[in-house]
Amino acid sequence: MPRRKKQPVRSTEVTDLLARVAELEETLRAIRMGEVDAVLVSGPHGDQVFTLQGAEHPYRLMVETIDEGAATLADDGTVLYANRSFAEIFEVPLEKFIGAPLNNFVFGEDRELLATLIADANMNIVRGEIRLDSHMQRPRTIRLTLSPVREQGGHTICVVATELTELIETNEALRVSEVSLRQLSARLLKLQDEERRRIARDLHDTTGQKIAVLSMSLDRLAKLVDTRKVDVNDALTESRDVVGKIGEEIRTLSYLLHPPLLDECGLASAVLWYAEGFKKRSGIHLNVSIDEELVRLTTDAETALFRVLQESLTNVHRYSGSPSAEIRIFQSPSKVHLEIVDHGKGVKAGTERPSFAGFAGAPTLGVGIPGMRERIRQLGGQLEVEFSNEGTRVYATLPREASAESAEQSTSEVFRRADVRKRILIADDHEVMRRGLRGLVESQEEWSVCGEAVEAYEAISKTKELQPDLLILDVSMPGMSGIDAALQILKDDPSVKILFFTMHDSLQMMREISNVGAWGYVAKARAGNDLVDAVRIILDGKKFFPRIASAS
């Protein structure tokens, strides 16, 4: 049989085969070098992706070594994969973790929360925090981030878990520390005010009283010595002048430490008094507007608002260069408001800085306002400081529920009594002062001291009992202020004549006493010069307020 001749291979087929071999060699090289992550294979059921075992190794290694927990869940929450950190967060051995529902390791309300997060994660990325019971005594807080993953026709959920327990505990510790520091700051400010008040009262009620008695004794001594002895009269006159200056200095120091009007008459009177003195000291015009129906607040609340006023006006004087300022105190149904506005150079808005961070040519906020802001906050209020190129505005509010019950002031007309007896009742809590006052009164033959009282309630009861022609009453009294006592006395009997005899020597105090319905006012520092005249004038049916008359 003849041999069949071979057919020659076409050159195009050889070329194609060589190209495919080259392509396969290049693919094999890429696989060996780790440049290929997966292979796409076409088959009767469509294309399929096969991930190469070596391709995912770097990613698996990274996931296994990170501190955060990472896991893959089925759509029903079954754990398909978890790194070791994820299992440690849930405090479960890894071999027991894989294949178990994640909900099995969460208890209480947090199990329901986790179920909700898993259900929502089938559609969207969700985040939430759950709490895990721990073998340790404290519960642990875990933040979960769940993301849906759809690939190769399957549906899984990727979960990342982050331990927040230490962060939350650190934040809580910082919060507690901040609260403690704020409470300490408020307590220090309160103690500072209490110490100021104590020192002021010691100076006023002890040292000042003794100096006033000394002044009265010198006046009496001057009347007893031989007036022909010029040297003696000069010495007495000089001694009285020195004593008077010492008394004024002590009184000024006492007022600066703690204004007596704040305790005796309330915030409105103290503000009017301070504003009047501020205008004289600084030359800055103040426009003061105070609600006539302003309620009395607690001592802490009124002191805090007054300190805000002091600090604000100090800043106006030192830094603003403003020729004027406005003070407004008003009340709403639930709050009391204090506003101080100046028209100085101010600073740019938003540049509030602590006092140590100043710059040339611009004022800085001292430690006083931040301290008062904390004090106001502790009392349930707010303090705002607004800076602008047109000036500065300080605005403080306190709740009215901090108000203290205050007596209603009466301006009832005072009628002269028909009784012509010149009997005088002395009400003062200082024995030395009562003794000196009694001696000064009884040095006049037409008067007699019918009784003494050492506190306000006793003064009220003895006035009813003894019905004196004149009550000489101190402003500062134990239990109740002399002004409140006078209001009660005049409410019961408007015809009672009251002469206030006090260390508080200010025009505003005299106005308050006049508004109460008293007949006169004598400062203890001027008792030797004014007291006898005041008593005589009042007993004759006239009032004794010479400084108010001269000021008006």
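Asn287 stands opposite Glu326 in β9. Six bridges connect β8 with β9 (residues 324–331), and the two strands run parallel. Two strands count as paired if DSSP finds at least two bridges between them. Helices (H or I, at least four residues) and strands (E, at least two) are DSSP runs, numbered from the N terminus. This is a predicted model: local features need pLDDT of at least 70 and side-chain atom pairs count only at pLDDT 80 or more, while totals for chains, interfaces and linings use all residues. Residues are numbered from 1 along each chain as its sequence is written, and side-chain values use heavy atoms, with hydrogens and water left out.

Both strands belong to an open sheet of five strands with mixed pairing, in the order β8-β9-β10-β12-β11. At the edges are β8 (285–290) and β11 (382–388), each of which pairs on one side only. From one strand to the next the twist averages 10 degrees; axes are lines fitted to C-alpha atoms, for helices over the stretch in contact, and angles run from 0 to 180 degrees between N-to-C directions.

From β9 the chain passes through a hairpin of three residues into β10. Seven bridges join this antiparallel pair, and Ile327 stands opposite Ile340 in β10. On to β12, β10 makes seven bridges, again with antiparallel strands; here His337 has Thr397 in β12 as its bridge partner. Of the eight residues of β10, six are buried, so the strand is mostly covered, where buried means under 20% relative accessible area, exposed over 50% and partly exposed in between (1.4 Å probe, protein chains only).

Helix α10 (residues 299–320) lies across β8, β9, β10 (335–342), β11 and β12 (391–399), and runs at about 10 degrees to β10. Contact here means heavy atoms within 4.5 Å. The other is helix α9 (residues 267–282), which packs on the sheet and touches β8 and β9, its direction making about 170 degrees with that of β8.

Strand β15 (residues 470–473) is joined to β16 by three bridges, and the two run parallel. Ile472 has Leu499 in β16 as its bridge partner. Because five of the five residues of β16 (residues 498–502) are buried, this strand is largely enclosed by the rest of the structure.

How do helices α14 and α15 cross? The axes of α14 (residues 482–492) and α15 come within 10 Å and cross at roughly 15 degrees. The two helices are therefore roughly parallel to each other; angles under 35 degrees count as roughly parallel, over 145 as roughly antiparallel, 65 to 115 as roughly perpendicular and the rest as oblique. In the contact, Ile483, Ala486, Leu487 and Leu490 of α14 meet Met509, Glu512 and Val516 of α15. These residues divide into six nonpolar, no polar and one charged, with Ala, Val, Leu, Ile, Met, Phe, Trp, Tyr, Cys and Pro counted as nonpolar, Asp, Glu, Lys and Arg as charged, and the others, Gly among them, as polar.

Helix α15 (residues 507–516) is mostly covered, with seven of its 10 residues buried. The buried residues include Leu507, Gln508, Met510 and Ile513, as well as Met509, Glu512 and Val516. Just after α15, Gly517 takes a positive phi of about 115 degrees.
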